[in-house]
Every structure is written in C-alpha cells, then in structure tokens.
Amino acid sequence: MSFKEKMEETGKKKESKIVLALDFPFRNIDKREALLAEAQNVLEAVQPYVCAVKINHHLVLPLGTFDGVQKLVTQAHEKGLLAIMDCKANDIGATNQVIAEYYYAAGFDALIANPFIGWEEGMKPIFDTAHKLQRGVILLTYMSHKGASEGYGQTIYDEKTGKATAQYVSFAKKALKWSADGAVVGATYPEKIREVHEILGENVPIYSPGIGAQGGAAETAAKAGACYFIVGRHITLAQNPREAARKLCAAIKQAR
Ligand code: BMP
C-alpha cells in the first residue's frame, strides 16, 4: 500500500485529517529528557484527534534520530498514526538518498522534500528509495510564510512551452508527474490552495500548514481544497493540547 493510501485509510479510521506538527521552542540542552517526556505526553494526549505526526528539527536536533525521535515514531505507530519527517530534503541526489535512507530506517513513513532541486540527481534518488521501501514523498509547493512569494511565487519560463508561469504552478505539475504522495500549500494562501487543487485534483492530496499560529484557518483551507491540516503550536503550546486538537478536528469535519 502506498503512503497516500495509508494516509487515506488512517484518516478514515481516526476520523481526523490533522497532522500534528510536534514542535516545541528551544530548551537548554540539559533539559532534553524533559523535552522528550513533554513530546510523548502531548502525542499521547492528542492521538485520538490526529492521523499522523510530523517531526521537524525542533526534535531531531536535541533528541537525535535514533534515540528520542525513534521512540516518538514507535509511539505514533503503536497508536495507529503515521509519521512524517519534515527534513525538506534539498541537496544533491546522492546526499538526499542517504538522508532518506536514514529517516526511513528510523521508521518514518514519508518525508518532505523541496522540488526546487529538480529530478535527475536531485529528487529521483529520493523517490527511488521511497518506492523500494514503500514509503512516501511529499513536495513543498507553496510555503505558508510571508516571503514565500519570492521563491514559490516567482515567475519562471516553462522549459517546454517557453511561456511564463508561476513557480508553484510548475511545482504542482511536477508533483503530479512524479506521482508525489502529497503537496504542501500554506493555509495562509487559500487562493493558492484552490489553484493547486485544480491542477492536482484528487491525485495528489494537499497538506496545509500555517493554521492558527501563522494566521491561517483550517476551515478556509478545507473549503479551498486542502486534504490534510498540519498543525503545530496551536496544539502543542495550548494550555490543553487534547482539547485544542479535539475542537479543531470537529471544526474541520464540519467545514469539509
Ligand atoms: P505551526 O502550526 O506551529 O505554525 O507549525 C507548522 C509546521 O509546519 C512547522 O513545523 C513548520 O516548519 C512546517 N511548515 C510550515 O509551517 N509551512 C510550510 O510551508 C511548510 C512547513 O513544513
């Protein structure tokens, strides 16, 4: 079963489309054990209301991939959740391959990569590694932050047609061509979600971050065509993470 299919199945089983971004602010490095315990507690508390967990440098750097992070991946799997590594792979293919091999070896079901590097000797080794191990690749398409327009929104010339097009439109077409398992489009740009969704249809699901702390709204993103909702600080830094996740899960269900 592909990662895309596993996400569909897990989303239905858990009745949630939320991907928990398990992110926390910087802590003194002698507080790493407490950080791991906090991450484990939040994951345990919110697991009924999410379908996957996404881990970023916030935990990989202090906890280590094959130490604390692998414990969290195992915990997620035991609770029936999938685990996504948000490494935004962005290097030459040979390096990307090693990055992918380590994260998949740690148990991650998918990783996020930057299509800017192109296919040959860039993205291809990641997809080859993912296919061999039956894991997923999710591609950045239009990021959620303010400066996203400078890169993802820039005008480029399409190699084949010679016509001007937007960078994110080209990335969305590549996500389709390369059969990516997902495309990341910020919830802060619902009009971009709509446009990318028109290109991708139901073939490549849209993962939308930027909800809450960055000002985006899950309901608006859902109506524009987002399929999964990546949510971090709105849940992890809430007074009651479980309640924050429960409420958001219900709001998304209603919007969809
Ligand atoms: P938060 O909900 O706390 O803003 O966290 C969003 C998470 O998604 C962070 O881990 C961030 O690095 C990631 N992310 C994002 O915010 N925007 C993007 O365009 C792509 C991301 O991976």
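View 1. F66 counts as partly exposed at 44% relative accessibility, while Y102, at 52% relative accessible area, is exposed (buried is under 20%, exposed over 50% and partly exposed in between, with a 1.4 Å probe and protein chains only). This is a predicted model, in which local features need pLDDT of at least 70, side-chain atom pairs count only at pLDDT 80 or more, and totals for chains, interfaces and linings use all residues. Residues are numbered from 1 along each chain as its sequence is written, and side-chain values use heavy atoms, leaving out hydrogens and water.

The structure holds 11 aromatic pairs (rings of Phe, Tyr and Trp, the last by its six-membered ring, with centres within 6.5 Å; planes under 30 degrees apart are stacked, over 60 edge-to-face, the rest tilted). With ring centres 6.2 Å apart and planes at 70°, F66 and Y102 are edge-to-face. Their pair links distant parts of the chain, 36 residues apart: F66 sits in helix α3 (residues 57-78) and Y102 in helix α4 (residues 93-105) (helices are DSSP runs of H or I, at least four residues, numbered from the N terminus).

**View 2. An aromatic cluster.** Look here for F116, Y142, Y152, Y168, F171 and Y189, which form one cluster.

View 3. A side-chain N or O atom of R233 is 2.7 Å from a ligand oxygen. For the side chain of K54, the distance from an N or O atom to a ligand oxygen is 2.8 Å. G232 uses a backbone N or O atom, 2.8 Å from an oxygen of the ligand.

Note on methods:
A polar contact is a pair of N or O atoms within 3.5 Å; within protein, one must be able to donate a hydrogen and the other to accept it, and residues adjacent in sequence count only if both atoms are side-chain atoms. Helices (H or I, at least four residues) and strands (E, at least two) are DSSP runs, numbered from the N terminus.
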